[in-house]
Number of protein chains: 2
Amino acid sequence: MDIHTDPIEMQTLCRSIRRKGRTIGFVPTMGALHEGHFSLIRQARAVADICAVSIFVNPAQFGPSEDYAKYPRPFEKDCDAAGREGCDLLFAPKSSDMYPENYLTRVAVIDITSRLCGASRPGHFRGVTTIVLKLFNIVQPDYAVFGQKDAQQAIVIQRMIDDLHVPVTIVVAPTVREPGGLAVSSRNAYLTKSERDDVPRIYQALHLVEQAFEKGERSAQSLKSFLESRFAEARFFRPEYCEIVDTTLLKPLDHIKTTALVAVACRTTESGTRLIDNVVLGALKEE
Amino acid sequence: MDIHTDPIEMQTLCRSIRRKGRTIGFVPTMGALHEGHFSLIRQARAVADICAVSIFVNPAQFGPSEDYAKYPRPFEKDCDAAGREGCDLLFAPKSSDMYPENYLTRVAVIDITSRLCGASRPGHFRGVTTIVLKLFNIVQPDYAVFGQKDAQQAIVIQRMIDDLHVPVTIVVAPTVREPGGLAVSSRNAYLTKSERDDVPRIYQALHLVEQAFEKGERSAQSLKSFLESRFAEARFFRPEYCEIVDTTLLKPLDHIKTTALVAVACRTTESGTRLIDNVVLGALKEE
C-alpha cells in the first residue's frame, strides 16, 4: 500500500492510473477505522481496479463546540488496517495543505442540509460537501463508497454530484452493526459502560418500526409515536430527533406511499456522545 | 462543428475525447459573440487539440433587477461565428437541464467576491462559480480561457480552481478593444449614440494611469484621485467604483510595490448600461 500526504502528488498519481484505463474506487474517511469502514473498502475493491482510502479529520465539518480536538486519530493502526483490508492507495493530507492560508471556497447543498442532523449542526454538511468535492478532484475516482449509517450525508453528496455533474458514481453500503444491533461508529469509543448497555435500544426500536411497516402500518405519525415511546424508556440517552422523511428532499411524511427514511440522533447522558442511526422502509432488501 | 444541448451527451462525448488522449480547450460564454470571444476561441485552439465553446445565459448570475431577460441571444449568428472561428464542439444547454427542479447546490468563493463588482451585484459571483464548475465537470477541459476584461471573474475562478483542486488550467486572454479604446462587450449593444461617443474615456483614463505608473507614481491614492478627476468630466456615464487593489485578495492598496489591478465599473446615464474595464499595473507586457 502506498501512502501519500501531498495533494498534488496524489492527484498526479491518480490521473496516471486513470489514463492507463484502470478504475478507482474511493473511500473517504476520518480514520479511526472500524468494521463499517472495512465493509466500504471491500465494496470499493469489488467495483474498481484500484482501491483508494483517504484519512482526514476535516475541521470544516465540526462545529466550534464539537469533538474535533478529541476525535480519535490512531494513524499507525489505521494504516495497518487499511493495508490488511486491501487498500492500494492511502491519502492522508495535512490540514494546512487542504485549507492553506487564503482558502476561500465553499460548496453547499441548501435546504436538505438544514433538516435532521443539519438542524443541530449548522455548517456541518457544507464542510462535508466541500471536502468531498476537493477529495474527488484529487483522487478522480470512478466510484466512491459511503455508509448507509450516515444516510443524510449520502443523500446530500448524491445531490451535489447530480447538481454539479460530477463524474463519480456513488455506492452506498449497508450499515454494519454489533451483535446487539448498535451501528458501528468511531464515536462508540466515547461511551461509558452504562451507556453501552443502553444504546442497543436505538436500533432495536428502529427494527420494531421496520416490522410494524412490514405488517402494513403506513401512518408516519403512528410509527414515530411508537419510536418515541420506546426511546422514553432509555436511561442513558435522549433522542435529539426522530424523523420519518422522504428519501430525496428529506421532508417529513404523513403517509408512507413507497419508501421512507426513519432517522434518529441521540445524545448519551454521561459522556454526551452523539449517535445516529436509521432504517429505510420500503426499500428492496439486500441479499 | 457539432452542436450539443444535452449535458449527459456532451459529458460522454468529452470523456471519450479525453480517453483518446486528446486535449480540450474550453471557452464558456453567454453568447452574443464578438471579437473578445473570438480571441478566446483562438487561444483555446492554440493550446489544445479540440476547441469547445458553451453558450448559456446563466440566470443564476443575474440579480433580480438586472438584464437577464433582455440579454442578447442571437443563437444562429453565434453558431455561424463560432464555427468560422474554429470551434469544434458547441454546447448550448437549456436552462431546465442545467437547473432542474430540486436543484440545490451552490459553489461560492467568499471575501473577494464581495469587493469591486461583487459589492453591487450580490450573488453574481456565486452564480458564476457554480455554473463554471458545472460546465467544467461536463466538458472536462484541460484548459479554459477567460478574458482579462472580467478581471475579478478570472481571479475568482482561479481561486475556486486552486481551492477545490479542479484539474483545469486557466488561460487569461488580453482585453480586446475598439479603435478608440473601448473594451469590446456584448453590453455595448445597449449604448445610445451619445454614450458611445463618451465611454472611450473609460479606457483613456485607465491608460493615463498606466502611463503615470510607468513614469514612477506608486501612490494608489494619487492614481485613484487622478482617475476620478478624469471621470468627473464624463457627460454620459458615472463611475460605480474605481479601485486600485492587489491581484490576489483584491484589497485596496496604499502603495503599489509590485503589481496592482486598477478596476472600474461605470453606469451610463441614458440607457443605464453597466460597463467594466481594468488595467494591471506592473505586469509583464505581452508581446
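Student: What makes the copies meet through the same surface?

Tutor: In this predicted model, 100% of the interface residues of chain B are also interface residues in chain A, so the copies meet through the same surface.

Student: How many residues does the contact take from each chain?

Tutor: The contact takes 25 residues from chain A and 25 residues from chain B. Contact here needs C-beta atoms, placed from the backbone, within 7 Å.

Student: Which elements of chain B each supply at least two residues of the side that touches chain A?

Tutor: Helix H1 (7-19), strand E5 (105-109), helix H6 (124-139) and helix H7 (151-164) of chain B do. E5(B) gives the most, with five residues. By class, the side of chain B that touches chain A divides into 15 nonpolar, five polar and five charged residues.

Student: How do you know that strand E5 of chain A and E5(B) pair?

Tutor: Pairing requires at least two bridges between the strands. Strand E5 (residues 105-109) of chain A and E5(B) have five bridges, in the antiparallel sense. They therefore count as paired. One of the bridges joins Arg106(A) to Ala108(B).

Terms used: Residues are numbered from 1 along each chain as its sequence is written. Chains are lettered from A and ligands numbered from 1 in the order in which they are written. This is a predicted model: local features need pLDDT of at least 70, side-chain atom pairs count only at pLDDT 80 or more; totals for chains, interfaces and linings use all residues. Two residues are in contact if their C-beta atoms, placed from the backbone, lie within 7 Å. Helices (H or I, at least four residues) and strands (E, at least two) are DSSP runs, numbered from the N terminus. Ala, Val, Leu, Ile, Met, Phe, Trp, Tyr, Cys and Pro count as nonpolar, Asp, Glu, Lys and Arg as charged, and the others, Gly among them, as polar.
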